[in-house]
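Please open the model in your viewer and keep the selection tool at hand.

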Amino acid sequence: MADILERERRGRVEILRLNRPEARNAMSPELSARIEGALDDIEQDPEVAVVVIGGNGPVFCAGADLRVIASGGGAGIMTKRGGFAGLAQRDYPKPVIAAVHGAAVAGGFELVLSCDLVVAATNATFGLPEASRGLLAAAGGPIRLAKRVPLAVALEIGMTGDPITAARAFELGLVNRLVPAEDVLEEAVALGERIARNSPTAVRVTRRLTRQAVEATEAEGWALTMAAAAEVGASGDGVEGATAFIEKREPVWRTAG
């Protein structure tokens, strides 16, 4: 029997592939639990710096498995620690990149919005169709989308339920890289490898500070920046980075991922 979540390690990048192509990679309680368990493992593994989430088959993720919801088991899709897909409500400390091909709709789009960066195939589509089904996108879609695109655009996507193309998502800044479908995973891994070459502490703190800045006033932002700078400085990676630059060699970071 095929594993519903495939894992692969490439250097310091861990790839998680949703593997329910017969169900359009729809999220089941079992798949959510498997993702959460994998993320738990990776969080404690200093050899992994970046996570890439992709999917097998023609669709990235069609959201929650409606058969599970119709049978009354929808609550099981929400894990204890991370909520939908084991990630949507989790403040995960390592960078997560979505590698999207085909449709990423409903909870599938919300899974994408839970990630830090997005590499999309030119055939990808994104949408929150819940309103057209009398439902609410309750896995973070409306609250995250409104922080990433203009309010009027977020409202249109949520209220009409109509999908947008990968090209439109790229224009809006929802997508970092737009590539042919056959290249999407490799491009996501390459982006992850680029991040993994940097100081793990500097990446972690920069990620946290950037996310906090969305909600912070400028005064609060400066206070957060000073605290973050002290944290990065205490790691010693700044001295190593400067020394490596002068000595024309790759840095050997003192902190783990």
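Does F109 count as buried or exposed? F109 counts as buried, because its relative accessibility is 1%, where buried means under 20% relative accessible area, exposed over 50% and partly exposed in between, with a 1.4 Å probe and protein chains only. Before you go on, note that this is a predicted model, in which local features need pLDDT of at least 70 and side-chain atom pairs count only at pLDDT 80 or more, while totals for chains, interfaces and linings use all residues. Residues are numbered from 1 along each chain as its sequence is written, and side-chain values use heavy atoms, with hydrogens and water left out.

**The aromatic pair**

The ring centres of F109 and F126 lie 5.5 Å apart with the planes at 50°, so the pair is tilted; rings of Phe, Tyr and Trp (its six-membered ring) pair if their centres lie within 6.5 Å, and planes under 30 degrees apart count as stacked, over 60 as edge-to-face and the rest as tilted. F109 sits in helix α3 and F126 in strand β9 (residues 125-127), so that the pair links distant parts of the chain, 17 residues apart. Helices (H or I, at least four residues) and strands (E, at least two) are DSSP runs, numbered from the N terminus.

**The largest core**

Next, select M27, I53, V100, F109, V112, F126 and L145, which touch the most other members of the largest nonpolar core, a set of 49 residues. Such a core is a set of buried Ala, Val, Leu, Ile, Met, Phe, Trp, Tyr and Cys residues joined through side-chain atoms within 4.5 Å. α1 gives the most to this core, with five residues.

**The largest pocket**

Now select D116, R148, R207, T210 and R211, which lie nearest the centre of the largest pocket among its 24 lining residues. On a 1 Å grid over the protein atoms alone, a pocket is an open set of points where a 1.4 Å probe fits, with protein on both sides within 12 Å along at least five of seven lines, and lining residues have an atom within 4 Å of a point. Finally, colour α8 (200-213), which gives the most to this lining, with seven residues.
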